[in-house]
Amino acid sequence: MTRWIGQNRGFAAALALFLALYLSYHLMHPRGFSTAVLVQNSNELVAIGLVAMAETVPVLLGGLALSVGAIMTLTTCVASWLLDGTPTQIAFGMIATLAVGTGVGLLNSALSIMQMTEALRQIIYGTVIAGMLLIYGRGTRVSE
């Protein structure tokens, strides 16, 4: 075990730091080490994992995707609005949420032909999506 730690000092230090922070989070949480907190954390980790995968693909291809968080927030708001009712309405909400996310992503790709730097384009696009969220929230702040 000590040999492994010696060979992987950076990873071992990051893992130890993560475990210390997660333990302190649970010690300070009002519900402590409960099933509800663990379920909430696992649900949040799925969303964060999806965003991380969405960020990884453009980076591997040599690009940049700063608007992924805004797109994720937009599709979450659309899903929270549409995923309610009968099974047919929920199926429609799922399809509509996927269509919104796909459409926004395709529009982002289509705007890549503009003659401006990638980072600036992504920041502008993220700001436009944030404006759409303000319209959706009727002027109140929409957060994840």
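Tutor: The side chain of threonine 75 reaches the backbone oxygen of methionine 72 at 3.0 Å. This is a polar contact, that is, a pair of N or O atoms within 3.5 Å; within protein, one must be able to donate a hydrogen and the other to accept it, and residues adjacent in sequence count only if both atoms are side-chain atoms. The model is a predicted one, in which local features need pLDDT of at least 70 and side-chain atom pairs count only at pLDDT 80 or more, while totals for chains, interfaces and linings use all residues. Residues are numbered from 1 along each chain as its sequence is written, and side-chain values use heavy atoms, with hydrogens and water left out.

Threonine 75 belongs to helix 4, which covers residues 68-82; helices here are DSSP runs of H or I with at least four residues, strands are runs of E with at least two, and both are numbered from the N terminus. With a relative accessible area of 13%, threonine 75 is buried, a term for values under 20%, whereas exposed means over 50% and partly exposed lies in between (1.4 Å probe, protein chains only). Beyond its neighbours within four places in sequence, threonine 75 is in contact with Thr97 and Gly101, where contact means heavy atoms within 4.5 Å.

Helix 4 also holds cysteine 77, which is buried at a relative accessible area of 7%. Cysteine 77 and threonine 97 stand 20 residues apart in sequence, with 9.1 Å between their C-alpha atoms.

On a 1 Å grid over the protein atoms alone, a pocket is an open set of points where a 1.4 Å probe fits, with protein on both sides within 12 Å along at least five of seven lines, and lining residues have an atom within 4 Å of a point. The largest pocket is lined by 22 residues, and Ala54, Ser67, Val68, Ile71 and Gly105 lie nearest its centre. Two or more lining residues come from each of helix 3 (35-60), helix 4, helix 5 (87-110) and helix 6, and helix 3 gives the most, with 6 residues.

Asparagine 41 of helix 3 is buried at 8% relative accessibility, and its side chain is joined to that of tyrosine 22 by a polar contact of 2.9 Å. Leucine 60, also in helix 3, is exposed at 69% relative accessibility.

In helix 6, glutamine 122 is buried at 3% relative accessibility. Neighbours within four places aside, glutamine 122 is in contact with Leu64, Ala65, Leu66, Ser67 and Asn108.

As to confidence, the chain has a mean pLDDT of 83, and 96% of its residues reach 70 or more; pLDDT is the predictor's confidence in each residue, from 0 to 100. Among the elements, helix 6 (residues 118-136) has the lowest mean, 80, and helix 2 (residues 9-28) the highest, 91.
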